[in-house]
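User: I am new to this structure. Please walk me through it, and tell me what stands behind each word you use.

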2 protein chains.
Amino acid sequence: MNGAQAVIRTLVDGGVDVCFANPGTSEMHFVAALDDVPEMRAVLTLFEGVATGAADGYARMTGSPAATLLHLGPGLGNGIANLHNARRARTPLVNVVGDHALTHKGLDAPLESDIDALAGTVSGWVRRSLATSQVGADTADAIAAAREWPGQVATLVLPADVSWTEGGSVSLPRGPRSAPRVPDSEVEVIAGLLGPSTMLFLGGDAVLEPGLRAAAQVAAGTGTRLLSQRSPARMQRGAGLPDVLKLPYPPEGARKQLDGVQHLVLVGAAEPVAFFGYPGMDGRLVPEGCTVHVLTTPGEDGVAALQALAQLAAPDAVPQLAEARRPDLPTGELDIQAMAEVVGALLPERAIVVDEALTSGYFLPMATVGAPAHDWLTLTGGAIGQGMPVAVGAAVACPDRPVISLQADGSAMYTIQALWTQAREGLDVTTVICDNSAYAILAGELESVGAASGGERAGKLLDLGGPALDFVALATGMGVPATRARTAEELAEQFRAALTEPGPHLIDAVLPRS
Amino acid sequence: MNGAQAVIRTLVDGGVDVCFANPGTSEMHFVAALDDVPEMRAVLTLFEGVATGAADGYARMTGSPAATLLHLGPGLGNGIANLHNARRARTPLVNVVGDHALTHKGLDAPLESDIDALAGTVSGWVRRSLATSQVGADTADAIAAAREWPGQVATLVLPADVSWTEGGSVSLPRGPRSAPRVPDSEVEVIAGLLGPSTMLFLGGDAVLEPGLRAAAQVAAGTGTRLLSQRSPARMQRGAGLPDVLKLPYPPEGARKQLDGVQHLVLVGAAEPVAFFGYPGMDGRLVPEGCTVHVLTTPGEDGVAALQALAQLAAPDAVPQLAEARRPDLPTGELDIQAMAEVVGALLPERAIVVDEALTSGYFLPMATVGAPAHDWLTLTGGAIGQGMPVAVGAAVACPDRPVISLQADGSAMYTIQALWTQAREGLDVTTVICDNSAYAILAGELESVGAASGGERAGKLLDLGGPALDFVALATGMGVPATRARTAEELAEQFRAALTEPGPHLIDAVLPRS
């Protein structure tokens, strides 16, 4: 068994049986070994940002890591932005980066660069495997590191000769440790603070169904307020589940939500801060005089703590749940409200919604809260170009569930190559492009930072018209059937049709120009 | 004057008046300031890899840096691959990376990451500007650093509040130092080695016209052999210029070129090494028993040294120059030879050729050597997805010259967004996609590394058909007129038409499937 075979066999035996890949010469033995380990599913992407984003989306839905396969420093560089998002999502991910043979390292060949420095910026664990005899154990350690609760990016740098040399062996990773539970005494302290001027700020595992139910029970029994972190990796919501608002993006909206809170209790979330700094504004959002407490850090068991808290403080309370209720199908002009209502009216059962709609998504939460229960995946780290790759990974993870990818136009262009992988793999993804022909969010930001000059040259840097992007042509050019919707009725008709046909579809929703 | 105005004014006064930009919120004051400094031309790209590649291409043609404008760590990450190529090209480049306000840094906001570590992997100089009063001087230092002979990437990290605060001032960069000349005594030593078993290995400034002429004079007078580095940033060639072969990519081809060389003299190039390591093969290419000498390092004046050498060793020799001679226009099947002959037959005067044709480019050197004198820009660092962005930069740098972008299909998809910027700016770029529906180079590499298993699953990772990429649709979707050529005649007709019309065009040259 050569090193590459040992790596793949160790991955598969360790439960990592999907690999999103952009291989090059230094990864050819890994590629060849795929035929020796048929349990590994290799998914080709045309750009590394698609591979890393897909691995992120996969693990968000399964809780278990996928692998990537990237080509030296430049390949890792192309994957950095979505690894950044994965880091912020605390996603378990085994990031395999091929490198020159050890015997080639000293030659400063053209592709030589500092892979370890790049990897360190996004990884919780980095190791360069130095011997074929060790590469199985190194891979097992990478799996174990990726799975450390709640999850992290583990980067294994794999020299070509470590791959091609014989003498590899398979290792089993140590089992994943369960999340540590916080002591009852700390739960009791928090229980003593509950009430209308206290807020539970939820993130991580606390925004999946069991955590949300327990938190909503606490809220129902004590009047404690609930708020979710701005961009959870995965949130469960919809009819029959508690409806918890997310921290708004604009600082003034965020402050309004936190107004009057005297005790802010963190449950798997970091203290809320503004996304960006603005002139004359404090980036901290916690109100003056408010005390911040920690029930659980992201590394602890938030669900158990919330359930203990509910048992202690509100054992008989009945959580308030969202009723099954959909908006009427809108008619006439297609604007962001009509778009949201179409999605809410037609969202299929068990949908996975990938949300990179940005400014176009304003009405989505209220339009979908009563739709059938669904998962909502968000842009965790602010690095745009995450949505379509995450949709790839979610669809690979959950082939029996429809994936709805709501995608701002400017951001779509960062990783548009994801459409090709959706077509090749026949993934059941319906992409709706929120096509307002602008970096709309930046027009707002230009004003927010006090820099709005109204200048023509500044405006041109935020404008995507001229030439207009034709997303129908781009999608069909990569094998994804696509249509254009100019009215609410057209969007509804096309959205419904896309959901009934298997495989990927794209709808270019033409919105009023921002 | 705020910090952003000071930065842009310093850039413009320092001769840096083009900026390839992908701004975000933290760069909004820079964007606003563009209306205050109209001498700065800002070129919007849809992806950071386009911005960094374009800045590289611009400087290769002008010898003078362009700036970029990137958005925090993820934006820099997206630009890393082409900054890697720029580093390998020794391109002068002022890489401006916006960051959170200094007051926001401690909050670990979602976009926070280790920008300095990322920047260090591709930059010769990195500085974070810490005060508005200093940012003009920091910018001037960045320009000076970028211009240090022969050039390097200088990264200036620009916090948002340093941009938006008043109190900036303009600085002038210290003038560029000219390249240091090697002492006559060293030239004399090399002169003593010349002859048929000696080879000058040329790179950097030595493969532009003056260096090549001097080297060819030495060759004509002494029988000394000439070879160019594999992937020069910019090479001048064509009718009336010396024809110097480039180091072949396959190690066996490279060794053949170096066979019998007893003295290898480096002129602005590093010692030749294999691009990748292969099982059982030494990555060094220099023949056993051959002594390596250095006439000039890349940081020294190669042209002056070659001219001194020619004066000393072959003062009256007449260099051998390529004759004006074009191939006949081919007919019938369109294969890589016919494609090369069309390019050679029709290459316009003063063309700039951007070559990322990879395996499809095999016949290009011989088909174009007698075409009118032209510049040839190559993939310096092996990070694919360089070609179309470099074409953007070259066309911005030289608006009166036609740019011919010869682009492999798989690589094209890494930075396909470059086409939109070509359309928006009306750049005179003719792109020919070498469409063989495969990562053809990797099929060869799978064999070269001894990993060819013939396996179906391995093969699938190298195959781009299924679905086929429709480059005509992709180009038109971004506003670039496009056609498809299936025969040699069609390619000739479409290539000629593209050259006569202003603005960008793309031709999808359908080649036999690899």
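User: Which helix of chain A holds A:Gly79?

Analyst: A:Gly79 sits in helix α4 of chain A. Helices here are DSSP runs of H or I with at least four residues, strands are E runs of at least two, and both are numbered from the N terminus. The model is predicted: local features need pLDDT of at least 70 and side-chain atom pairs count only at pLDDT 80 or more, while totals for chains, interfaces and linings use all residues. Residues are numbered from 1 along each chain as its sequence is written, and chains are lettered from A and ligands numbered from 1 in the order in which they are written.

User: Why is A:Gly79 called buried?

Analyst: Count its neighbours. A residue is buried with 20 or more other C-beta atoms within 10 Å of its own, exposed with 12 or fewer, and partly exposed in between; C-beta atoms are placed from the backbone. A:Gly79 has 33 within 10 Å, so it is buried.

User: What does A:Gly79 touch, leaving out residues up to four places away in sequence?

Analyst: Its partners are A:Glu48, A:Gly49, A:Ala51, A:Thr52, A:Thr68 and A:Leu70. Contact means that two C-beta atoms, placed from the backbone, lie within 7 Å. A:Ala4 is 75 residues away along the chain, and its C-alpha atom is 21 Å from that of A:Gly79.

User: Where are the cis peptide bonds at A:Pro467 and B:Pro150?

Analyst: In chain A, a cis bond joins A:Gly466 to A:Pro467, with omega about -5°. A:Pro467 is in the loop between α18 (456–460) and α19 (471–477) of chain A. In chain B, a cis bond joins B:Trp149 to B:Pro150, also with omega about -5°. B:Pro150 is in the loop between α6 (132–146) and β6 (153–159) of chain B.

User: Step back. What makes chain A as compact as a globular protein of its length?

Analyst: Chain A has 20 helices and 17 strands. Its radius of gyration is 23 Å, close to the 24 Å that the globule rule gives for 514 residues, so chain A is as compact as a globular protein of that length. The radius is taken over C-alpha atoms, and the rule is 2.2 Å times the number of residues to the power 0.38. Of the 514 residues, 65% count as buried.

User: Why are α9(A) and α11(A) called roughly parallel?

Analyst: Helix α9 (residues 209–222) and helix α11 (residues 302–313) of chain A pack at about 25°, with axes 8 Å apart. Axes are lines fitted to C-alpha atoms, for helices over the stretch in contact, and angles run from 0 to 180 degrees between N-to-C directions. Under 35 degrees counts as roughly parallel, over 145 as roughly antiparallel, 65 to 115 as roughly perpendicular, and the rest as oblique. So α9(A) and α11(A) are roughly parallel. Their crossing is left-handed: the near helix is turned anticlockwise from the far one by less than a right angle, whereas clockwise would be right-handed.

User: What about α8(B) and α11(B): why are they called oblique?

Analyst: The axes of helix α8 (residues 184–191) and helix α11 (residues 302–313) of chain B come within 10 Å and cross at roughly 55°. That makes α8(B) oblique to α11(B). The crossing is right-handed.

User: How many residues of chain B are in contact with chain A?

Analyst: There are 83 residues of chain B in contact with 83 residues of chain A. Helix α4 (residues 72–89) of chain B gives the largest share of chain B's side, 8 residues. By class, that side has 44 nonpolar, 28 polar and 11 charged residues. Ala, Val, Leu, Ile, Met, Phe, Trp, Tyr, Cys and Pro count as nonpolar, Asp, Glu, Lys and Arg as charged, and the others, Gly among them, as polar.
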